[in-house]
Amino acid sequence: MKFAAPCVFLALLSLSLTSSALSVGERMRVVVQEASGIFASVDLVSSSRALRGGEGKNRTLNNIIRDVSEEDDLIDIKYVDLEPEQPKRSTPVHINALAYVKDHIDKATANVKVKYGFLTLLNRNYDLCEELKTNLNKTCPVDEGPIEVSVDVDIPGFIPPGWFHLEATAWRDSDEKHLGRILADVKF
């Protein structure tokens, strides 16, 4: 967390230096841009790994998504393909993925965080069994073995330009054993 204070300081400095010449909306845009650039350079994978105490995979799945799961997590992601490779506003994205489930999962939860620069836009838990049922017509429990995901996601047209950072961590509810963790960085 040693990066937080300098990032906030630099964002506030840029705001104060430009405040006389810019409107409030323009000042906020400048702060978000400055913070986006600063946070994009922070190595979130290494600091996260240190918190969990393991080495982790830190494996690139495509030009946006990294698998930062631990070796002993319950799901091993084989691949995640996006079409188009770089998501765009108002354009649907087809996601095709394959993972191997290492142990039986009765019920699971995922926490998803989405940040725009330093602003947290989403920090929500999802019932993965409900998501499987609603979006993929699959049900829990999930047994050991391969699981394939093929889904289309609509990207809204009103997304502001800039970098978005997504972090998703999932765990089995019965014993809180981690299923896996991914990070994604996308620029619109």
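Three strands make up an open sheet in the order β3-β4-β7, paired antiparallel. Helices (H or I, at least four residues) and strands (E, at least two) are DSSP runs numbered from the N terminus, and two strands pair if DSSP finds at least two bridges between them. β3 (75-83) and β7 (145-153) each have a single partner strand and stand at the edges, so one side of each lacks a neighbour in the sheet. From one strand to the next the twist averages 15 degrees, with axes fitted as lines to C-alpha atoms and angles running from 0 to 180 degrees between N-to-C directions. Strand β4 (residues 93-101) is joined to β7 by nine bridges; N96 has S150 in β7 as its bridge partner.

The model is predicted: local features need pLDDT of at least 70 and side-chain atom pairs pLDDT 80 or more, while totals for chains, interfaces and linings use all residues. Residues are numbered from 1 along each chain as its sequence is written, and side-chain values use heavy atoms, without hydrogens and water.

Beyond four places in sequence, I75 is in contact (heavy atoms within 4.5 Å) with residues including A99, I105 and L179.

One disulfide (cysteine sulfur atoms within 2.5 Å) is found in the whole structure. The sulfur atoms of C129 and C140 lie 1.9 Å apart. C129 is in helix α4 and C140 in the loop between α4 and β7. The S-S torsion is about -90 degrees, so the disulfide is left-handed. C129, at 11% relative accessibility, counts as buried, whereas C140, at 24%, counts as partly exposed; buried means under 20% relative accessible area, exposed over 50%, and partly exposed in between (1.4 Å probe, protein chains only).
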